Amino acid sequence: MPDSDRDSAAWVVPPSAYLEGRPAAFTLPAMPASRYLAMRDGCRIAIDTWLPQGVTGPVPAVMVITPYYRRFSLREGGTGDVTPNAGKFINLLVPRGYAVVVVDVRGTGASFGTRDAFRSPKEREDSREIADWIVAQPWSNGRIGATGISYPGAASDFLASTGHPAVKAIAPLFAVWDTYADNYYPGGILLKNLAKTYDDLMVALDHDRRDLLRNFVYFANPDLAGPAPVDEDPDGTLLAQALQEHLGNFRQPDFMAEFRFREDPLPYDASFSSASFSPYSVSPGIRKDVAVLACSGWMDGAGYANGAISRFLTLRDNPVHLLLGPWDHGARCNVSPWRSRVEPEFALLGELLRFFDHYLGGRDTGLGAERRVHYFSLHGEEWRADDAWPDLPVTRLHLGPGHTLREAPSGEETEDAMRADFSRGTGHGTRYERIAGINSTTYHADWAEHEAPMPCWTSGPLDTDLECTGHGIADLWLSSSEPDAAIFAYLSEIEADGAVRYVTEGLLRALHRRESPAPETYRTAWPFRSFHRADARPLTPGQAERIRIPLLPISWVFRKGSRIRLSLAGADADHCVQIPHGRPPRLTILQGGERASALDLPLRPR
């Protein structure tokens, strides 16, 4: 089934229909105007300005702030897309009356400077100064928006957090709210390969290593010839100087290893922590009149959907919209096992255009008549709409004898034991590859093979279709033979014909089991952990404790005749570090009695 919005009852006017009814009235220039803009410290930042040709009068501007090249050069005689990172936004918005300003963040592309951090606070201040420059231009009407996928999406948050009065609308697409938990340390567990793979990409870009860059599918065109110089640098002399400065950029594996605990300061800079490169930490600076389009997908990395939901919940006083689709990172794939084709058919650009037209362009779009939340329900293969993040009634399924899931708990306490297997993982067609720049087109197709060795608890056949929308919780009573452990909980559907479908997962380092109230800058619909060093507590070996593990959000229809399954593991060797290193713990799960482990799912009849 497609993920198309056509003929969907979830919208009054589907995004595809809006896009079709909004023709391009202007011409896209063959090339942008490109220049250096000096920042407060003298660092020269490369920017491209794409202006609609044929427009009369000033226009609003949309910024795309990227570390992935604002624009490539092409080798002589070469062909290809020179704006693979921002091109879709340029091609959509400029012919429809918007200026698009694309920025190489400092230390990247043709910009000068050295990157001292992932999403450095210096970049946030740069964006404020660039906004000042935009509103001073004769072509600007004084209204600014921002968008982008992943890193540029979070840069939109940071721009808005400056409180700049010209910023009226941002669309952070597939972007983190918390770089620690949404990206590198889900559940407090380090994704061991992500930093290395991402570093390989950034070295290839920042050092202009084209031999390495071609290993990444997004930049595999051999005609791409490094970052484009700005107009004032026709022979590339300044570009060569900028690239030389990039050799001093931070290295991601070394840098990210400093942040074992959320908001723990660097040993050499007490003012810098994981909060410094996470949008939630500066969200109070976002004015209440700034409109926000938060967008993610159910298979969007290690927690980007959580980021979109938290952004929606936290900025509740803003005009904010939430869109969650059957997509991976960047919506490069429709991840549904029942898809009709790999490429998404949903008109995401139509949704984006309508959003900017409404809040930035001042057009009558009818967006006010639409519901604020739209999400795609997998296995139901349909779009749903709501006015708030859904709060479904919770069905509690207890882990019982014979590895069953049952509504009534067993009166007698029993236990099951498992030992973490540090040699087993979940394969390589998972939610984790795409965020590392690795091409993926099929997700968890071999899930039955990876789930088979895990201890699991399975329900009886369902009497009716049940929609699960929200965050399930594995509510476990367990003990460990070691003072720490990693706990992985997986939710599956076992269809009537025996097919095993991966639904979602949750993971948690036992050291971080303590729950705490979510702060105002980080509202959640799931159990919150601070992941602070002060809240970390080793386990007492052999002593059972209650540990609630939130599953990543999903909307999924369990079909009549199918069974629901919870599976547990103590390692994911393909993606996560060992906990504890070289000491696979023996985990004992309690069932029944006063310490009854259970699975809580937000369910309603479909």
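The second largest cavity of this predicted model is lined by Arg 115, Tyr 198, Asp 199, Met 202, Val 203, Asp 206, His 207, Asn 249, Phe 250, Arg 251 and Gln 252. A cavity is a set of points, on a 1 Å grid over the protein atoms alone, where a 1.4 Å probe fits but cannot get out, and lining residues have an atom within 4 Å of a point. Helix H6 (residues 194-206) gives the most to this lining, with 5 residues; helices (H or I, at least four residues) and strands (E, at least two) are DSSP runs numbered from the N terminus. The lining divides into 4 nonpolar, 3 polar and 4 charged residues, where Ala, Val, Leu, Ile, Met, Phe, Trp, Tyr, Cys and Pro count as nonpolar, Asp, Glu, Lys and Arg as charged, and the others, Gly among them, as polar. The space in the second largest cavity is about 90 Å³, a volume being the space filled by probe spheres set on the points, with grid points joined across faces, edges and corners.

In total, the structure holds 4 cavities of 30 Å³ or more. Helix H5 (179-184) and strand E20 (500-509) each supply at least two lining residues, and the largest share, 4 residues, comes from E20. By class, this lining has 13 nonpolar, 6 polar and 4 charged residues.

Residues are numbered from 1 along each chain as its sequence is written. Local features need pLDDT of at least 70, side-chain atom pairs count only at pLDDT 80 or more, and totals for chains, interfaces and linings use all residues, while side-chain values use heavy atoms, with hydrogens and water left out.

Terms used:
On a 1 Å grid over the protein atoms alone, a cavity is a set of points where a 1.4 Å probe fits but cannot get out, and a pocket is an open set with protein on both sides within 12 Å along at least five of seven lines; lining residues have an atom within 4 Å of a point.
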